Amino acid sequence: MLLIDPSKKLSFTQYIRDGDLVIVYEKHDSMKAIKACETSVLQNRFGVFKHSDWIGKPFGSKVFSNKGGFVYLLAPTPELWTMVLSHRTQILYIADISFVITYLEIVPGCLVLESGTGSGSLTTSLARAVAPTGHVYTFDFHEQRAASAREDFEKTGVSSLVTVGVRDIQGEGFPDEYSGLADSVFLDLPQPWLAIPSAGKMLKQDGILCSFSPCIEQVQRSCETLRSNFTDIRTFEVLLRMYEVREGKMDCGQGDEGVSLGSPPYKRRQCSNESRKVHENTSSPVVMARPCGESRGHTGYLTFARLKCH
Amino acid sequence: MSQNNLQSDFTQNSRVTWEGCSVLLDINDGDRLVFARLTSGSTLKIGNKNFSLRPLIGCPFGSLFQTENGKEGPCLSRFVPSTEGNNAEERGDCEIINESRDNRAIIDNNKAQSLTGEDIDAMRRQGAKGDEIVEALIANSATFEKKTLFSQEKYRLKKQKKYAPRVLLRRPFTRSICEAYFKKYPARIGFLRVDALSLLLSMANATAHSDVLVVDMVGGLLTGAVAERLGGTGYVCNTYLGGTPHPMDIVRMFNFNNDTCKRIVRAPLNDLCLAQSETSKQIGLHEDAPAVESNGPTSSINMEEVSKSSENDVADLDRDTNVSPTSKMNKAPKAGEGAPQEALKLWRENGFSSLIIAAPDLDPWSLVKDLLPLLSYSAPFAIYHQYLQPLATCMHNLQLGKMAIGLQISEPWLREYQVLPSRTHPFMQMSAFGGYILSGTRICSS
């Protein structure tokens, strides 16, 4: 996924090779991660796709099934991975992830600590941010989950940047060997206040901590704990509002012909074709946008704080 | 890793300032934000006095400084707040819940303070420290004891800002630079809020060893933010229409080392497109077409010529001099040279690995239709705009042209909270708008 070795600029020059991880794109909310394998096939509602047809094609290609159905093959990125990974826990999404990376001031070469690993959604983005010379040490107390995360990092090719440990960070704190070495620490724990003193020990002076909590009571308690050793304590909520775009015709108010405005959304092509027939000689179609009717209303609060300088 | 690399990593990610480094000075908790370059001669004006910035050299980022009257006049000295925390906010007290005091007895008649301006001046002449003046003001306030703990704290803070100003030394990173501009001069960065900028970087997969094409008309903030993610590898290529490259003064606020500066390049769109058409045609054109002119007079610009030198190496966001001047003594490495031939060749063969556009005054579609073909297949892109309609049109055209998939327009929303014992709520004021982002992935149309 990442170009850790510049001599293997995998993503873009290259063509899909046997063994590459490929994101199979059906539509924006239907994607799947698959390892290309000479002898395998992918079977879905569009038909049967032979992997052997994929190998040698550039990433970004459209490929066809035996029935003429098609999908696109994309090179994996942390954003695409977040959309296809298997959820072993609740995961972080792009709005929170991108904000966390910038706000924790993570740049190439940083040493970052994370707990818990969860499904590794954030971890993959942390790895991208510290590459090529930094490292992410991530901990989860759930042994099987840690093992699955390790397998995933192997699969996505970030394993040289990430070390997964099995450890109860709330109970035991981070391992002493990272004491004073961490540029940033990220906590996604049910009782983050228990891990904050240890996180403070791990951080370099002026290093930044972030705690993600869904509930305000957790935030309240974390902030109380943070006040003794941290400064610049700030809590945020980040969300994304998505928009639908479609082409349609607006009635000018004289005719009694129905407008396509009320018709079901997301059938752009059909809609515009229909309206073209109906309104052939009236107004020209316009492109319109509106927020999607439903969206994520809350993910969690992000609390950031800097270790005080002594 | 070579010695050289370690050395350069050191300056770029250093947690301690050095002579010649760029810093962000936060005066009185964000009241004033000043970009400065630390040299032995640079000074900062607070109130009516000039303070040398020399004491800040060699200090850890995150240090606090207070003004003091030294032997050689006013100076800044390091100040370490007690870890215990001595104000109401830091005590996290429950007393406030059972607070019995209120403001019924406080009358606004301007008679509460018995110290006069002359008294304070006299104290100053006798060498009283700022903190001492604050304590004297509190002692002589007839109403201080009647105030609630919360408003006592407010009073103390207000007086402290005036009589004992504090300067916080901050690292100029994408986060702090973007926030400083957004707070003081949002128009200069096209109202690009930090959460929107973060999204652009993630959506365009900006990372080490990538070749990111940008259209940066937000003063160089975007170029700098991408370069920060590259860490001295790959390239960020800032392209422009016509003959004049877009200014990118903000790049110099970052402490980029030479390795990183070399990775920040410019190329006129014509050069990139010419490169593109050369590959697609390959024959015939070679003899006639002029070589890709990247050494033209417009392709590179010398930062030091652009910068308006002010006397003391300090750029104050409060005043109208946001250009941080480079001192003659220490040459800031040049960023923004014309793209080298071998890079142009690489992009011609492989395409850019991603694209980010932040051009508030340009129509996204007219840019995208020319720029998208310069990307490699499967490359992600992200376009920021303050207005929805141009992005909607752009998205629609990309769909019709089957040029990209995974198209999505999103609008970031960011709310900050005050978290205090029994007084937690969202801030009363918030930024209500962070712009729109159109993101997607280029596909192989054949």
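Analyst: In chain A, 64% of the contacts between residues at least 6 apart in sequence join residues at least 24 apart; contact means heavy atoms within 4.5 Å. This is a predicted model, in which local features need pLDDT of at least 70 and side-chain atom pairs count only at pLDDT 80 or more, while totals for chains, interfaces and linings use all residues. Residues are numbered from 1 along each chain as its sequence is written, chains are lettered from A and ligands numbered from 1 in the order in which they are written, and side-chain values use heavy atoms, with hydrogens and water left out.

Chain A has 10 helices and 14 strands (DSSP runs numbered from the N terminus: H or I of at least four residues for helices, E of at least two for strands). Of its 310 residues, 55% are buried. Buried means under 20% relative accessible area, exposed means over 50%, and partly exposed lies in between, with a 1.4 Å probe and protein chains only.

Now to the part in question. Under "binding site", an unreviewed UniProt entry lists Ser119(A), Gly120(A), Ser121(A), Leu122(A), Asp140(A), Asp168(A) and Asp188(A). The positions are given in the numbering used here, feature names are shortened, and annotations may be inferred rather than shown by experiment.

Ser119(A) sits in the loop between β7 (111-115) and α5 (121-130) of chain A. Its relative accessible area is 2%, so Ser119(A) is buried. Leaving aside residues up to four places away in sequence, Ser119(A) touches Leu85(A), Ser86(A), His87(A), Arg88(A), Thr89(A), Ile91(A) and Asp152(A). With one of these, Thr89(A), the side chain of Ser119(A) makes a side-chain polar contact of 2.9 Å. A polar contact is a pair of N or O atoms within 3.5 Å; within protein, one atom must be able to donate a hydrogen and the other to accept it, and residues adjacent in sequence count only if both atoms are side-chain atoms.

Ser121(A) belongs to helix α5 of chain A. Ser121(A) counts as buried because its relative accessible area is 3%. Apart from residues up to four places away in sequence, the residues that Ser121(A) touches are Thr82(A), Leu85(A), Ile91(A), Leu92(A) and Ile97(A). A polar atom of the Ser121(A) side chain lies 2.8 Å from the backbone oxygen of Leu92(A). Leu85(A) and Ile91(A) are among the residues touched by Ser119(A) and also among those touched by Ser121(A).

Asp140(A) is part of strand β8 (residues 135-140) of chain A. At a relative accessible area of 4%, Asp140(A) is therefore buried. Beyond residues up to four places away in sequence, Asp140(A) touches Gly116(A), Thr117(A), Gly118(A), Arg145(A), Gly165(A), Val166(A) and Arg167(A). The Asp140(A) side chain has a polar atom 3.1 Å from the backbone nitrogen of His142(A).

Chain A also contains an open sheet of 4 strands in the order β2-β1-β6-β5, with antiparallel pairing (two strands pair if DSSP finds at least two bridges between them). At its edges are β2 (30-35) and β5 (61-64) of chain A, each pairing on one side only. From one strand to the next, the twist averages 35°; axes are lines fitted to C-alpha atoms, for helices over the stretch in contact, and angles run from 0 to 180 degrees between N-to-C directions. Phe64(A) stands opposite Phe70(A) of β6(A).

Strand β5 (residues 64-70) of chain B pairs with β6 (residues 73-79) of chain B in the antiparallel sense over 7 bridges. A hairpin of 2 residues joins β5(B) to β6(B), and Gly70(B) stands opposite Gly73(B) in β6(B). Antiparallel to β5(B) runs β7 (residues 166-170) of chain B, joined to β5(B) by 3 bridges; there Leu64(B) has Leu168(B) as its bridge partner.

Finally, the cysteines: a search over all chains finds 0 disulfides, a disulfide being a pair of cysteine sulfur atoms within 2.5 Å. The sulfur of Cys21(B) is 10 Å from the closest cysteine sulfur, in Cys59(B), so it is too far for a bond. Cys21(B) is buried at 0% relative accessibility, whereas Cys37(A) is partly exposed at 28%.
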